Amino acid sequence: MVILNRPEAMNALNFETLVYLGDIVEDLRGRRDIRAVIFTGRGRAFCVGADLKERRTLDEWQVRRNVRKIRDVFTAVERLPQPTIAAIHGYAFGGGFELALACDFRFAAEETVMGLTETSLAIIPGAGGTQRLPRLIGPMRAKELIFTARRIRAPEAYDLGILTGFGSDPVAEARRLAKEIAENGPLAVAQAKFAIDRGLDASLATGLEIESSAYEVLIPTRDRVEALEAFKEKRPPRFRGE
């Protein structure tokens, strides 16, 4: 589990935090023992986005550097081979909401308030929000939320298709889903994620080729053979990610 740990700043993302988060994500990429990754925050908020106190001290070059960094880090989150789950509570604004959008799944506490609020600060979502939210809920609804900087609660976000679910304990829900995913072949899950993500913006013919290539990766694996042996022996498979 990756926990944003600046509770005194409601987990606002300063440059130091972004660098550290990027390093963690890069380390996770090579960890075969980790089957799913949960992102959450400590304290009263998931993440309220960019650290505006820091932002006020930055010159234009530093602002551009920070925006590039947050975009790159969230792209790295999106491209992790492991499934990613955001467990959201309190507040998720701006970059905090964009981090959740970069994950595969999102659970929220019922009282959570979230939104892409950047236009109220005379900027736009710069960490993928203008691209990921329309792909998730359609351009019309996304434009409405982004243009108005509207803040919405978890039930409305669920109805819009932003959330996987909501309730009293999003971390518990995220752990439940992570456990269910982890029971399956980790290489297969990673290749399924790759095929879905890469195929979304391709034609059907290209998507089918991507799927075929992903399947080819799995044919020589020990996990595939283990699954067949486990079926024969009527026992649970022991997948090792090999």
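**Rings, charges and a surface patch**

Of the 242 residues of the protein, 43% count as buried, where buried means under 20% relative accessible area, exposed over 50% and partly exposed in between, with a 1.4 Å probe and protein chains only.

Visitor: What kind of model is this?
Guide: This is a predicted model, in which local features need pLDDT of at least 70 and side-chain atom pairs count only at pLDDT 80 or more, while totals for chains, interfaces and linings use all residues. Residues are numbered from 1 along each chain as its sequence is written, and side-chain values use heavy atoms, with hydrogens and water left out.

Visitor: How many aromatic pairs does the structure hold?
Guide: The structure holds two. Rings of Phe, Tyr and Trp (its six-membered ring) pair if their centres lie within 6.5 Å; planes under 30 degrees apart count as stacked, over 60 as edge-to-face and the rest as tilted. Tyr91 and Phe93 form a tilted pair, at 5.7 Å centre to centre with 40° between the planes.

Visitor: Is Phe93 buried or exposed?
Guide: Phe93 counts as buried because its relative accessibility is 8%.

Visitor: Which charged end sits over the ring of Phe93?
Guide: That of Arg151, 4.2 Å from the ring centre. The charged end of Arg65 sits over the ring of Phe15, at 3.8 Å from its centre. A charge sits over a ring if NZ of Lys or CZ of Arg is within 6 Å of the ring centre and within 35 degrees of the ring normal.

Visitor: Turning to the surface, which residues form the nonpolar patch?
Guide: Leu52, Leu121 and Ile123 form it, with about 260 Å² of accessible area together. Patches are made of residues with over 30% relative accessible area and no salt bridge, nonpolar side chains (Val, Leu, Ile, Met, Phe, Trp, Tyr) being joined within 5 Å and like charges within 9 Å. A salt bridge is a side-chain nitrogen of Lys or Arg within 4 Å of a carboxyl oxygen of Asp or Glu. Accessible areas come from the Shrake-Rupley method with a 1.4 Å probe; for residues, only the protein chains shown count as cover.

Visitor: Where does Leu121 lie?
Guide: Leu121 is in the loop between strand S6 (113-115) and helix H5 (129-137); helices (H or I, at least four residues) and strands (E, at least two) are DSSP runs, numbered from the N terminus. Leu121 is partly exposed, at 47% relative accessibility.
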